[in-house]
Amino acid sequence: WAETLVPLRLEIQSTRPAIVAAHPLSSYAGLYALRGPEEPATAPGVRYEIIERRGALWVRTTTDAVEPGLDPEFDLLPAGDDDFHPRQYKNGMLIGDELDEVITFQFQGTRVTGFEVHGVAEDKLLARATRASSPR
């Protein structure tokens, strides 16, 4: 039996309802300037481009804005309402969901004006972003 392989297919039906965003994903897309909580709104900030791709929100940023070794492109996992968790990738492979961080988008009417990044465990504001423009 040591050399025997048995193909096995598993299908699991989730009993939990899917968590979806409160607004259409296209409404979150745009170019943002991310700044530390103590930086003035006039500081240039780090470029965050959020795009809608394959039914998900993806972030394109610089390597300076992510932990060393992680990809500067990652997607956002809906957490309900206008909240999302960043998902970490390394060499194009998903390595985990960052459940201890939450990105909360702010709206003025139907337009996103920015977002905040909060550390859940620390109950702390980690960064703020203001919307610069719509995506290209």
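Aspartate 82 lies in the loop that joins strand 4 to strand 5, strands being DSSP runs of E of at least two residues, numbered from the N terminus. The model is predicted, so local features need pLDDT of at least 70 and side-chain atom pairs count only at pLDDT 80 or more, while totals for chains, interfaces and linings use all residues. Residues are numbered from 1 along each chain as its sequence is written, and side-chain values use heavy atoms, with hydrogens and water left out.

Aspartate 82 is buried but forms no salt bridge. Here buried means under 20% relative accessible area, exposed over 50%, and partly exposed in between (1.4 Å probe, protein chains only); a salt bridge requires a side-chain nitrogen of Lys or Arg within 4 Å of a carboxyl oxygen of Asp or Glu. The nearest side chain of opposite charge belongs to arginine 131, 11 Å away. With contact taken as heavy atoms within 4.5 Å, and neighbours within four places in sequence set aside, aspartate 82 touches Ala22, His23, Tyr28, Ile103, Thr104, Phe105 and Phe107.

The loop between strand 4 (73-78) and strand 5 also holds alanine 79. Alanine 79 counts as partly exposed because its relative accessibility is 29%. Beyond its neighbours within four places in sequence, alanine 79 is in contact with Ile19, Phe84 and His85.

Two residues separate the strands of the hairpin, where asparagine 91 adopts a positive phi near 55°.

Note on methods:
Two strands pair if DSSP finds at least two bridges between them. Helices (H or I, at least four residues) and strands (E, at least two) are DSSP runs, numbered from the N terminus. Lys and Arg count as positive and Asp and Glu as negative; His and the chain ends are not counted.
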